Amino acid sequence: MKKTIVIPLLLFTVAATGETLYKIVNSDGSITYTDTPQSGAQPLDLQNSNSTVMPSLTNGGARKQSKRTKIEFPEYQLKILSPADKATVRNNAGKISVSAQLEPVGNGKFEIYLDGELVQTSPAPSFQLQNVVRGEHSIQVKFIHHTGKILALSKPRVFYMHQASTLINPN
């Protein structure tokens with residue numbers, strides 16, 4: 001392994017100085033390179049070595065930087081279908097189903113925000129929220145490309161969660 005590293009370095013050094021390099025095949029089959037002539041040594045011709053000259057970056061041959069191709073997206077429209085705006089949802093367990101619609105249909109993920117906080121992510125525009133406490137809430141759905149860009153955003157929608165009080169005495 002040392003030979004594979006030393007030999008190219010030796011070739012480069014000798015070629016740079018302009019001296020002659022000799023190749024000697026030893027009795028055990030190993031090869032030795034040297035710059036001193038010895039018996040059985042064969043001179044190597046290094047004049048026809050492969051070399052490449054790279055153009056300078058300051059001249060006209062410099063490669064122009066390619067512009068990034070901008071991904072064009074259609075105009076997506078996202079709207080919440082249910083619950084209706086300012087609707088009262090009656091569920092003592094705090095469960096609510098939210099569905100939205102995206103036009104045109106696209107590939108990406110949907111996120112739903114309840115009172116400004118992300119609560120779920122889904123590949124489809126429908127959500128099942130649980131443990132929503134009583135009171136007024138705002139929901140909003142976002143459609144997001146796999147690059148993280150928000151492609152569509154629904155208008156915020158207000159709904160009211162109604163839960164019967166456990167303090168109500170039926171008698």
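Let me start with the open sheet of three strands, where the order is S2-S1-S3 and the pairing is antiparallel; strands here are DSSP runs of E with at least two residues, numbered from the N terminus, and two of them pair if DSSP finds at least two bridges between them. At the edges are strand S2 (31-34) and strand S3 (42-44), each of which pairs on one side only. On average, neighbouring strands of this sheet are turned by 35° against each other, direction ignored, with axes taken as lines fitted to C-alpha atoms and angles running from 0 to 180 degrees between N-to-C directions.

Please keep in mind that this is a predicted model, in which local features need pLDDT of at least 70 and side-chain atom pairs count only at pLDDT 80 or more, while totals for chains, interfaces and linings use all residues. Residues are numbered from 1 along each chain as its sequence is written, and side-chain values use heavy atoms, with hydrogens and water left out.

Strand S1 (residues 21-25) joins S2 in the antiparallel sense over four bridges, and tyrosine 22 has threonine 34 as its bridge partner in S2.

Is threonine 34 buried or exposed? Threonine 34 counts as buried because its relative accessibility is 13%, where buried means under 20% relative accessible area and exposed over 50%, partly exposed in between (1.4 Å probe, protein chains only). Leaving aside residues up to four places away in sequence, threonine 34 touches Thr20, Leu21, Tyr22 and Ile24, contact meaning heavy atoms within 4.5 Å.

Across the protein, finally, 25% of the 171 residues count as buried.
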